[in-house]
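Please look over the sequence and the model before reading on.

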Amino acid sequence: MDDYCPANLSARKHRSHRVVGPNTIGRGTMERKTLCKQTDLPPGQMRQFQIGRRGILLVRDEAGEFHAVAAECAHQGARLVHGQVERMWVGEHVGEAHQDEQRTVVICPWHNYEFDVATGESPCDPERLRIQTYRVEVNEGHVDIWV
Ligand code: FES
């Protein structure tokens with residue numbers, strides 16, 4: 001098992017479940033992996049995990065919801081864990097901006113591109129610039145993702 005988890009978890013930490021269902025047709029088998037305890041990541045923070053060769057960035061928004069995205073920036077590959085998490089700034093007019101409480105972004109440390117943690121899209125070019133997102137579930141106080 002290649003899971004990396006810095007938290008001191010019980011035997012649950014490396015559990016995985018193989019599932020084959022309609023949502024996996026053509027993409028192989030998906031597995032549920034437990035990353036950490038729900039309480040290990042406070043709201044407004046993120047942490048990187050490694051599952052096999054995949055870098056996963058787990059983000060908890062200010063509302064307490066968890067999101068999992070690829071750990072590398074889609075622009076030039078910076079490690080997003082060294083960036084920032086914040087609510088997205090939006091505005092209708094120049095000079096008028098406020099933070100959208102419904103949208104959270106991770107900001108790349110190299111060139112400040114933003115990625116919406118719910119969709120993986122960059123607001124500056126959502127059609128071409130995006131990072132992978134992963135399904136997240138909280139089960140009995142543990143944060144699981146599907147990869
Ligand atoms: S590497 Fe992330 S914005 Fe350039």
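How many bridges join β10 to β11, and in which sense do the two strands run? Four bridges join β10 to β11, and the strands run antiparallel. The model is a predicted one, in which local features need pLDDT of at least 70 and side-chain atom pairs count only at pLDDT 80 or more, while totals for chains, interfaces and linings use all residues. Residue numbers start from 1 along each chain as its sequence is written.

**Overall composition**

- The protein contains zero helices and eleven strands; helices (H or I, at least four residues) and strands (E, at least two) are DSSP runs, numbered from the N terminus.
- Along the sequence, the pattern reads β-β-β-β-β-β-β-β-β-β-β.
- Of the 147 residues, 26% count as buried; a residue is buried if 20 or more other C-beta atoms lie within 10 Å of its own, exposed if 12 or fewer, and partly exposed in between, with C-beta atoms placed from the backbone.
- Among contacts with a separation of 6 or more, 45% come from residues 24 or more positions apart; two residues are in contact if their C-beta atoms, placed from the backbone, lie within 7 Å.

- Strands of a sheet pair through backbone hydrogen bonds, either parallel or antiparallel.
- Two strands pair if DSSP finds at least two bridges between them.
- Strand β2 (residues 30-37) is joined to β11 by five bridges, and these strands run antiparallel.
- Aspartate 144 in β11 stands opposite threonine 34, and glutamate 137 also stands opposite aspartate 144.
- Strand β11 is mostly covered, since four of its five residues are buried.

**The hairpin and glutamate 140**

- β10 and β11 form a hairpin with two residues between them.
- Glutamate 140 is placed in the loop between β10 (136-139) and β11 (142-146).
- Glutamate 140 has a positive phi of about 50°, although it is not a glycine.
- Most residues other than glycine have a negative phi.
- Glutamate 140 counts as exposed because it has 9 C-beta neighbours inside 10 Å.

**The sheet β6-β7-β8**

- Three strands form an open sheet in the order β6-β7-β8, with antiparallel pairing.
- Its edge strands, β6 (84-93) and β8 (114-116), each pair on one side only.
- From one strand to the next, the twist averages 55°; axes are lines fitted to C-alpha atoms, for helices over the stretch in contact, and angles run from 0 to 180 degrees between N-to-C directions.
- Strand β7 (residues 96-107) pairs with β8 in the antiparallel sense over three bridges.
- Valine 105 has aspartate 116 in β8 as its bridge partner.
- Asparagine 112 is found in the loop between β7 and β8, and its phi is near 65°, a positive value in a residue other than glycine.
- Asparagine 112 is exposed because 11 other C-beta atoms lie within 10 Å.

**Valine 69**

- Valine 69 lies in strand β5 (residues 66-70).
- Valine 69 counts as buried because it has 25 C-beta neighbours inside 10 Å.
- Leaving aside neighbours within four places in sequence, valine 69 is in contact with Leu57, Val59, Phe115, Val117, Gly120, Ile131, Gln132 and Thr133.
- Valine 69 and glutamine 48 are 21 residues apart along the chain, and their C-alpha atoms are separated by 9.7 Å.
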